[in-house]
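Please look over the chain shown below before reading on. The questions that follow take up its fold, its packing and one pair of side chains.

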Amino acid sequence: MPIVFARSTTIHAHPSYIDAGIRHVRDTVMPTLADIEGCLGMSLLIDRGSGRCIATSSWRDDESMRASEGAVRTLRDEAARIFHGTTEVSRWEIAVMHRDHHSDRGAWCRVTWIRTEPAHMDRGVDLWKMGELPKVEELDGFCSASLMIDRASGRGVSSMTFDSAEAIERHRERLDGIRAAVVREAGAEILDTCEFELAIAHLHVPEMA
């Protein structure tokens, strides 16, 4: 199976400019990315309370992602201006992508950042795929899940998408328990967890479960 890559830009936006930023990403960034060789699509996560937004673009291979750096830097600088915020960039290998069904308007994502020893990364991916994903998939309202990794640093980020914020709230205790068991068995450390409104869902990554 070919490896798909992703570039995530975290935008620390001014909350007052989030809606303008969403329009800019939808009307300008997405069409421009679509014309860049190797780009598969993008998504945008929004936390209106803190202003934290994450735009992720998916790429057919590492070469395509690296070749796009200049063009994407220009897009990123303009988006930061529209959002009235600062940006941080991360690059990932998409290790797992699984969909039960496509998300509709109102979907929310629960995102968790973790770290483990780089040498233990493959074991951690297997534990997430076989231990966490099947249990989360059983919960009503589940849409999709992804796991992205950075092998060099031992960092990873998982995203669980549900039909609504209410669905996440309903399953919060269960989700916490499932995650804790897998993190403990993997010998990993949770760095952060945040819940986001899924403003744009066009990542277009094939099933990789």
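Predicted model: local features only at pLDDT ≥ 70, side-chain atom pairs only at ≥ 80, totals over all residues.

**Fold, packing and an aromatic pair**

Q: Which radius of gyration does the chain have, and why does it agree with a compact globule?
A: The C-alpha atoms fill a box of roughly 40 × 35 × 30 Å along the principal axes. For 209 residues, a compact globule would have a radius of gyration near 17 Å, and the chain agrees with this because its own value is 16 Å.

Q: What share of the contacts with a separation of 6 or more comes from residues 24 or more positions apart?
A: Burial gives the setting, since 52% of the 209 residues are buried, that is, under 20% relative accessible area. Among contacts with a separation of 6 or more, counted for heavy atoms within 4.5 Å, residues 24 or more positions apart account for 81%.

Q: Which geometry does the aromatic pair have, stacked or edge-to-face?
A: The structure holds 1 aromatic pair, formed by Phe 142 and Phe 162 with 6.0 Å from centre to centre. The pair links strand E6 (residues 142–150) to strand E7 (residues 155–162), its members being 20 residues apart, and both Phe 142 and Phe 162 are buried. Planes over 60 degrees apart count as edge-to-face, and because the angle here is 80°, the pair is edge-to-face.

Note on methods:
Residues numbered from 1 in each chain as written. Heavy atoms only, no water. Rg over C-alpha atoms; globule rule 2.2 N^0.38 Å. Buried < 20%, exposed > 50% of the residue type's maximum accessible area, 1.4 Å probe, protein only. Phe/Tyr/Trp six-rings, centres within 6.5 Å; stacked < 30°, edge-to-face > 60°. Helix = DSSP H or I, 4+ residues; strand = E, 2+ residues; numbered from the N terminus.
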